[in-house]
Amino acid sequence: MTLRLGPLTLSWPGRDSRKNDPYWDSFINTPPADLANTVTEMIRNAPEGNIFPTKADIHTPEITSSHVKELAKYLGANLVGIASLPSPLPSPKERGDSDASSLASILPSPPGRGEGEGLEPYPFAVVCAVRAEYDPRTSPGIGGQVPVQNGLFITFVLSAWIRELGFRAAAAPDLNAEKLAAVAGLGKIDADGRLVTPQYGNQVHVANIIRTDLPLEPDSSAT
Amino acid sequence: MALTLDKRPEAANGNSSTKPDQRAPDIPPPPYLGRSVRIVGPVVNVDMNQSPHPKNQRGELGKPLFNWYRNTVSKDPLTRVSAPNHFADRKQFLTSVVNRDNKGKINPKRMPVADPAAMTRHIKAVARYMGADVVAVAQAHPSFLYAGSRYVQDGTAEDAYQTSSPADLVRKFPYVIVATTAWDYDKLQAHRHHIGDSAYHVSQMKGVVILKALEGYIKELGYTALRGVVTPQAAGVASGVGELGRNGLVINKTFGARIHMPDPILTDLPLAADQPVDIGVEDFCKICRKCANTCPTNSIPFGDKVVHNGIEKYKINWLTCYKLRPYVSDHWGSCLTCATVCPFTKPNVWWRSLTVSALSTCPIPARPALVRALKWIDDRFWGVARNNRVRWLSYDSGIKPGEQACTVAGCTASHDGKAHSAQMVGDAGYYAPLKENTNRFVKRDA
């Protein structure tokens, strides 16, 4: 049990304190015997939906970005940022900001489901992160994976919504997710290569990266 | 949405239908469900396939409702990804992804439970950790269960217990876990609008994910978790999630009527059941009638409780409530008027907790006076019906439904076919249709 006074959170010894819960450790750390029992597996295996044939009427990129962020936060994201992705070919609309060129060295070939289909690469990445009390990489239990579950909920609905607006959007896991998060201004990469955010330190899980061609305004990276 | 069930036993014709007890000797006596609902006669278990949505899916409610339900794609992108029908592509709707899959096996290595109370605390902590707003446990009773074939979301959910009778199921699985989410209060103020729809549908999706994850976790603990078996409202009232109001909704101490009642979990995991609560809903509903006054279809009774299927409760007319939908689906999906105007539906803040605790600790004979005072305050400060203007994403409840205008401040984009509205000021929302407008198309029972 915790006592919350605005931004201040005090732990409060109570009957439902996790220290007194004999099953809590197993909830966080015991990997499931059957992965079909986990929602994360169901959402990961779900096929991507179609793009709505009519493009929705959208606002200026700044306003659309604020709407994407507002919806992501409503869906449960604690941190949201937008990164501009490097284009493999120099395009006439080259943005010329240093983020994109520095990202090009990190990500030589941006993955994405649009690739190989003769489609334009995705210009933007929406990066959502959720607070993770336990690191999902070292806590394989259903409880340890709750941040992943929350992240999948956000990216599934948000990317489906962008497709319903009539734009391409692909939510996929990314090995460089934390670096992209840093580019999107969520935090910095520390010496171990982990994302450190001002709000939650490294207790944060970066959800699937949504790559999209919805016209957005990228955030500046925290430098 | 309240689903009031349609199947009527021959005995229940609105009057007292108490008959000699014909229960089998091993069926436990009717449980106490709090002051708002009373089991007074034999309860016939209702087949879920006779409830509104399945009836409509089979076309039994007529063409307009069938076409609205099955053949209508919403104009609103967020509704297309969050509402249980009206999607353009089912793959974009998370609930159908999550509910399709229930092939997970029960872990053969069963977690021993020495102290059911500790396990109950654990399950509640787990549900809250996953994001549930309300969690409670009820002692199962055969009268809470559906009859007939299981209500399955995907048509493939088969299990060994499909043909078990309610009494058998309750003997094997004595506990019901109710875990649910609440709707966003601020967005709900723009009910009868896509903003209110999203408050309802997004939290509903979240609730579906939480319950599915909880179901999987119980299977991982080595116990059975059955879905589609228990009537949510019976479980909600029995577990003390809330009391049943005049509007047919379970009204919660913290969130009022703005909570979902999703499909609960029937399980054999050893737990300690919670008890029904008395938060004063019974006393409030006798006097208030705010939901009945504002219901656009007059589906909520002004009168006293009736006995329906052996249960004494306020009985709404689900058919007139349901019939409104095809007429308004261009503008919004979920009416939610009865939930929004309910005086218990307030933000979760200190004055709200104080008022509800004052009402629930007040001696019952003194409650009507307190209720009248609170009702007066509610009418005075929150109005008889909500007409707040809410802006969220591109939505603006100050725009008349059907009109096209961009009211986003600072937007300079050129919009096809819709102008930038000059109506940026003002705080009045526009909620259609008004009650008098629905008189012409909603046929009411006498």
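1. **Extent of the interface.** In this predicted model, 48 residues of chain A and 60 residues of chain B take part in the contact between the chains. Contact here means heavy atoms within 4.5 Å. Chain A and chain B bury about 4700 Å² between them. Carbon and sulfur atoms account for 65% of that area. Three residues, Tyr23(A), Asn37(A) and Tyr74(A), supply 16% of the area that chain A buries against chain B, more than any other three residues. Buried area is the accessible area (1.4 Å probe) that two parts lose on being put together, summed over both.

2. **Basis of the values.** Residues are numbered from 1 along each chain as its sequence is written, and chains are lettered from A and ligands numbered from 1 in the order in which they are written. The model is predicted, local features need pLDDT of at least 70, side-chain atom pairs count only at pLDDT 80 or more, totals for chains, interfaces and linings use all residues, and side-chain values use heavy atoms, with hydrogens and water left out.

3. Glu164(A) and Arg80(B) form a salt bridge through their side chains, at 2.5 Å, N to O. The term covers a side-chain nitrogen of Lys or Arg within 4 Å of a carboxyl oxygen of Asp or Glu. Across the interface of chain A and chain B, 15 residue pairs are in polar contact, both residues at pLDDT 80 or more. A polar contact is a pair of N or O atoms within 3.5 Å; within protein, one must be able to donate a hydrogen and the other to accept it, and residues adjacent in sequence count only if both atoms are side-chain atoms.

4. **What chain A brings.** Four helices of chain A, α1 (24-29), α2 (39-44), α3 (61-74) and α5 (146-164), each supply at least two residues of the side that touches chain B. α5(A) gives the most to that side, with 10 residues. By class, the side of chain A that touches chain B has 27 nonpolar, 10 polar and 11 charged residues. Ala, Val, Leu, Ile, Met, Phe, Trp, Tyr, Cys and Pro count as nonpolar, Asp, Glu, Lys and Arg as charged, and the others, Gly among them, as polar. Helices (H or I, at least four residues) and strands (E, at least two) are DSSP runs, numbered from the N terminus.

5. **Four-stranded sheet, chain B.** An open sheet of 4 strands runs in the order β2-β3-β7-β4, with antiparallel pairing. Two strands pair if DSSP finds at least two bridges between them. At the edges are β2 and β4 (225-226) of chain B, each pairing on one side only. β2(B) is joined to β3 (residues 175-180) by 6 bridges. In that pair, Val135(B) stands opposite Ala179(B). At the other pair, 2 bridges join β4(B) to β7 (residues 265-267) of chain B, and Leu226(B) stands opposite Leu266(B).

6. **Why is strand β2(B) largely enclosed by the rest of the structure?** In β2 (residues 134-139) of chain B, 5 of the 6 residues are buried, so the strand is largely enclosed. Buried means under 20% relative accessible area, exposed over 50%, and partly exposed in between (1.4 Å probe, protein chains only).

7. **Three-stranded sheet, chain B.** The order in this open, antiparallel sheet of 3 strands is β1-β9-β8. β1 (38-39) and β8 (306-308) are the edge strands. 2 bridges join β1(B) to β9 (residues 311-313) of chain B. Arg38(B) stands opposite Glu312(B) there.

8. Arg389(B) sits in the loop between α16 (367-382) and β10 (391-392). Arg389(B) is buried, at 14% relative accessible area. The side chain of Arg389(B) makes a polar contact with that of Asp396(B), at 2.8 Å. Arg289(B) has phi near 60°, a positive value in a residue other than glycine. Arg289(B) lies in the loop between α10 (281-287) and α11 (290-294), and is partly exposed at 25%. Leu336(B) also has a positive phi, near 60°. Leu336(B) is in the loop between α13 (325-328) and α14 (337-341), and is buried at 2%.

9. **A loop residue in chain A.** Ser87(A) belongs to the loop between β3 (79-84) and α4 (98-106) of chain A. Ser87(A) is partly exposed, with a relative accessible area of 33%. Ser87(A) and Tyr122(A) are 35 residues apart in sequence and 8.0 Å apart in space, C-alpha to C-alpha.
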